[in-house]
Amino acid sequence: MYPDPTLQQDAEGTSPFLTSFLGLSSIFAALGMVSQAYLGSSIKLLILGSVIETGRRLFQWLIIRLRFQYSITAQFDEGDPAYQWILLFLTQENVWRRSSQFVVNATNSRRKWSVKTWADPKVKGNAEYVPTYQQPQLFRWRGRWLEIKRSNESGEARFTSAGTFQQLSSILVTMYTLDMGLLSELVEDARQRYIEVNRPNVVIHLADAPNFGPTPWSSVKQKVRRLLNSIILPEGVVDALVHDAQEFIASEDWYVEAGIPHRRGYLLYGPPGTGKTSTIYALAGALNVEIYSLSLASSFVDDAFLARAASSIPKNSIFLIEDIDCAFPSRDDEDELADFAAAPVQGGARMATPAGFPVQAVGRAVRSLVTLSGLLNVIDGVGSEEGKLFFATTNYIDRLDPALLRPGRIDHKVQYELSTEEQARALFVRFFPEARFPDFASPPYPAAANSKSAESQSQTETNESESKPCPQDIAPAPAPASAPLARDTIPALAMTFASAVPPGELSTAELQCYLQAHKATPRAAAAGVGAWVADVRAERDARKAREEERERKARARRERMTQEREGGRGREVSQKRARAREPTPVSCTCAKTKAAIGDPEAGEASPTESGSEFSAYADGALQAEDCS
Ligand SMILES: Nc1ncnc2c1ncn2[C@@H]1O[C@H](COP(=O)(O)OP(=O)(O)OP(=O)(O)O)[C@@H](O)[C@H]1O
């Protein structure tokens, strides 16, 4: 028999069961003490963590509140003129100096304010380094901290004129102040810097791509400012224009008091290449205003686009519509419209219709999607700001609707003509300033120098005239080597040149092209002009003959079409009359028609069969009525 081990006792009289029980209890007790300490620490840690996290969140919340309450954030969206101001401002403030990522573009005339990455100030560089600047940057301006961030979160995008899709970005400027005046100061400072930097240039905003983003003006170009005296027009024309525009800008108050809308319309009209666009660019430079230019011939410019474009032009800017006659059908278009209107209808639609275009857009070429009323609304200022100089150019004033030309829409008209003798002379003098050609300066001049240079000049002139053909492929005649020295002054050569130019026959642009080919050789220019004019005339006559031939063929084609149409109608009428006289068609199987004409087989044929057979000789209306 085995004794119960739990009842066995050790030497001190303690049972093993009790011993192990006491051992376990002490382990548990120890463990309990440890876990109590652990729990305490955990709770402490938990409380500490919560306090830290709450503090952190509170701090963040406070920062946000403070930022929100005690700072101003201004957003500048790409496409808006103010975006260009702030971009230039930031570039001048050297905010991007720590940028490490750049977009590199070959330099072009489009606006972009880039970082100079080269040390030598004389190096111009042929590329632009535009920072991607996604990270916020801090900088100081007039003792204040400003934070700057670029964002493209707006999701706006636009087509560029190159046909690519470009994401539009915004610049966010945060100022730690409550003074709104400081923001206005910043913007004004940026604008002034922009004007200063642009003083040597004329800024032209173009709507040259379909753009449905915040602004329709898709690109900005700058041209070197042109002096007004470089525009060669009959005396007083340019001065009158400048005076009128200056007075308009200065008399805003008068317009407001008189209750007259503060806008002024100008129409410059005349043959191509006579200086209309150049005048507007030079005027914009003189008035220090920017140009917003669009063409009504662009495929994406319709009434809505035009209204949006006009309304987004800032005050005191030039709104330029080139070739405004595009909105009006030409005589050719009208002829073709008449053809189109009379064209046979096939399957319910005229096959020649460019689908979706308004009526006046239908023609040999789609001229414009803009309607006359859309254009007049824009000129009248519906939805557009006042204080605007509206300029339009056209080669065909007789195509314009009288409604467009009435005062209030067009207040000042300037006619441009083909070059006069005086213009030709002035152009020559401008091309060959005596300062650049001292050997051709008016007397007194050093005879020896003149004779020596005349020789070398003669040599150079011959080479020059041979190597630089005019774009019209007409080679200028070489200079006669034995030109009398006494007449070889710039004014004298200018007279020779001008007297050989037939007045009212050539545009200033054509003369400029000719003179460009002789830009270093005034004598050759004066001597060769007669031969060049003869060549231009020959070329023109040939072109005119080609055009007349083309027109003659087109007219003949139209007449043939008209005759065919009228012949077809005549045949139809006589066929109808003939059928009216002999109304019993032999092959007709239409039940209703047979019944109508007294056929004994009436009621046996199906309407479908009968419809197709009867159509061979019956009138369409009767067929549709009887056989359906
Ligand atoms: N009267 C002028 N004075 C000075 N330069 C002129 C004059 N006319 C034309 N030019 C020169 O000819 C070129 C074309 O001129 P511009 O584009 O101003 O002509 P336009 O009349 O506007 O022609 P278009 O009707 O085809 O637009 C320019 O380079 C310009 O410098």
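1. Of the 628 residues in this chain, 26% are buried. Here a residue is buried if 20 or more other C-beta atoms lie within 10 Å of its own, exposed if 12 or fewer, and partly exposed in between, with C-beta atoms placed from the backbone. Keep in mind that you are looking at a predicted model, where local features need pLDDT of at least 70 and side-chain atom pairs count only at pLDDT 80 or more, while totals for chains, interfaces and linings use all residues. Residues are numbered from 1 along each chain as its sequence is written.

2. Now the overall layout. The chain has 18 helices and 15 strands; these are DSSP runs numbered from the N terminus (helices: H or I, at least four residues; strands: E, at least two). Among contacts with a separation of 6 or more, 72% join residues 24 or more positions apart. Two residues are in contact if their C-beta atoms, placed from the backbone, lie within 7 Å.

3. Have a look at helix α3, residues 180-198. Its buried residues are L186, A190 and Y194. They sit on the same side of α3 because they cover an arc of only 70° around the axis, the arc being that of the directions from the helix axis to the C-beta atoms. That buried side packs against α2 (81-92) and β4 (137-141). On the face turned away from it you'll find the exposed residues G181, S184, E188, Q192 and E196.

4. Next, a pair of helices. The axes of α11 (residues 421-431) and α14 (residues 508-516) come within 11 Å and cross at roughly 35°. Axes are lines fitted to C-alpha atoms, for helices over the stretch in contact, and angles run from 0 to 180 degrees between N-to-C directions. On the α11 side, Q423, A424, L427, F428 and F431 make the contact, and on the α14 side T508, L511, Q512 and L515 do.

5. Most residues other than glycine have a negative phi. N316, however, has a positive phi near 50°, and D323 has one of about 50°. N316 is in the loop between α7 (303-311) and β13 (318-322), while D323 lies in the loop between β13 and α8 (331-342). N316 has 17 other C-beta atoms within 10 Å, so it is partly exposed. With 18 such neighbours inside 10 Å, D323 also counts as partly exposed.
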